[in-house]
Amino acid sequence: MSDIVQGLEGFLERLHIYAGLRPILSLVIMLAAVFAVAFAALRGAVRARWIGRNTAAFWLFVSPWIVGFLLFTGGPMVYSLILSFTDWNLIDPAEFVGFANYAEAFSDPDLGQSLKVTLVYAAVSVPLQTVLSLAVALLMNVKVRGIHVFRTIWYLPSLVTGVAQAVLFIWVFNPSYGLVNGLLRLVGVEGPRWLFDADWALATVVIMSLWTVGGNMIIYLAGLQDIAKELYEAAQIDGAGRWRSLWNITLPQISPVIFFNVVTGLIYAMQTFTQGYVVTHNGGGPSDSLLFYVLYLYNNAFSFFRMGYASALAWIFFVMIMVLTALVFRGSAFWVYYESQRPKARKRGAHAG
């Protein structure tokens, strides 16, 4: 066996790739050891009748996810929290600085600018995406010939995201030869400089975000088709028109779907990075008008090599998103309707009577 291992190592060294594979091999060996220990522990627990076979099978099947979470999510999060209290440039040893990074963050003008850009973008793009995707879903919820083709056409643009989308819109909004300004010139209008103008750059990125409304449209469409037809029939008998039915039946019935899209859209908008990075070539745009929070965090980590300060920014951002999400959840009690709420209200009323 040792001869086989030595022969394999010699082969890899001759290919000059052993050094590159060593971290991967180490990780594989470590994971195999963890699984072996976990399997042995579960087997021993089953034999000792501490846990049942079903419980052991459950932990065995979820163990890959647990190990992956600890190695690639939980572990790095804890490590970044420790780094946030240090000054580390990836070369010199880390130096403990306490809360200095957090204190600097609250007095950093560039951080304030990045936070302003991110919040404005989220406050504008999320409502626009919600309204537009819901409107398209209502249009696509009719029974006409070829409606599946139109649904597909609306959904296809959402498949082009990230870097490809940013590169596409750099050309579309190019002030010299872009498609938008070219169309405006046909009607005698000289278009703005879009991404190269501090007054228009953020608005342009908001327009770019509407490119992917097809994904939310599919979710809204599923919610619309789940509404009972009897509700609309009863409303029609009572003389309710389309707008009244939309306001009193459709929107309350799909309010959980709207809530889901708002929460996920808010988190996604707050984490915007690719558009600012690709469009501005990692520069933040004219007058830092596209300096998103995550882009500023990235620059501190991988351009300025201030890993401790970047880790502090990451944890501040984490708390910020948690607070915003909690506020949205708190406010949902006033406008999100769930079917399970009505029976409970009836029971309380009957008990009071």
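A contact, throughout this tour, means heavy atoms within 4.5 Å. With that rule, among contacts in the protein between residues at least 6 apart in sequence, 64% join residues at least 24 apart.

**Before you start**

What you have open is a predicted model, in which local features need pLDDT of at least 70 and side-chain atom pairs count only at pLDDT 80 or more, while totals for chains, interfaces and linings use all residues. Residues are numbered from 1 along each chain as its sequence is written, and side-chain values use heavy atoms, with hydrogens and water left out.

**Whole chain**

Colour by pLDDT, the predictor's confidence in each residue, from 0 to 100. The average is 84, and 82% of the residues score at least 70. Residues 15-21 have a pLDDT below 50, and this stretch has six contacts in the model beyond near neighbours in sequence.

Switch to cartoon and you can find 17 helices and two strands. These are DSSP runs, numbered from the N terminus: helices are H or I with at least four residues, strands are E with at least two. Of the 353 residues, 33% count as buried; buried means under 20% relative accessible area, exposed over 50%, and partly exposed in between (1.4 Å probe, protein chains only).

**Annotated spans**

Next, select residues 24-46, 58-82, 119-140, 152-173, 200-224, 245-270 and 312-338, where UniProt places the feature "transmembrane region" in an unreviewed entry. UniProt positions are given in the numbering used here, feature names are shortened, and annotations may be inferred rather than shown by experiment. Keep residues 200-224 on screen: the span is 84% helix and 0% strand, with its end C-alpha atoms 36 Å apart. Over residues 312-338 the figures are 74% helix and 0% strand, and the end C-alpha atoms lie 39 Å apart.

**The largest nonpolar core**

A nonpolar core is a set of buried Ala, Val, Leu, Ile, Met, Phe, Trp, Tyr and Cys residues joined through side-chain atoms within 4.5 Å. Which members of the largest core touch the most other members? Show Leu290, Phe292, Tyr293 and Leu313, out of 43 residues in that core. The elements giving two or more residues to this core are α4 (100-105), α5, α7, α9, α13, α14, α15 (293-302) and α16 (307-331). The largest share, ten residues, comes from α16. Centre on Tyr293 and display its contacts: not counting residues up to four places away in sequence, Tyr293 touches Leu111, Ser114, Leu115, Thr118, Leu313, Ile316, Phe317 and Met320.

**Helix α9**

Select residues 201-209. Seven of the nine residues of α9 are buried, so this helix is largely enclosed by the rest of the structure. Those residues are Ala201, Leu202, Thr204, Val205, Val206, Met208 and Ser209. They pack against α5 (109-139), α7 (162-172) and α14.

Go to Thr272, in the loop between α13 (255-270) and α14 (274-280). Is Thr272 buried or exposed? Thr272 counts as buried because its relative accessibility is 4%. A polar atom of its side chain lies 2.7 Å from the backbone oxygen of Ala269. Leaving out residues up to four places away in sequence, Thr272 touches Tyr121, Phe292 and Val294.

Then jump to Thr86 in strand β1, which is buried with a relative accessible area of 9%. Here a polar side-chain atom lies 2.7 Å from the backbone oxygen of Leu83. Beyond four places in sequence, Thr86 touches Ala94, Glu95, Phe96, Val97, Asn101 and Gly308.

Step back to Phe85, in the loop between α3 (53-83) and β1 (86-87).

**Two positive phi values**

Most residues other than glycine have a negative phi. Leu90, in the loop between β1 and β2 (95-96), has a positive phi near 75°. Leu90 is partly exposed, with a relative accessible area of 38%. Finish at Phe305, in the loop between α15 and α16. Phe305 has a positive phi of about 55° and is partly exposed at 40% relative accessible area.

Note on methods
Polar contact = N/O pair within 3.5 Å; in protein donor to acceptor, adjacent residues only side chain to side chain.
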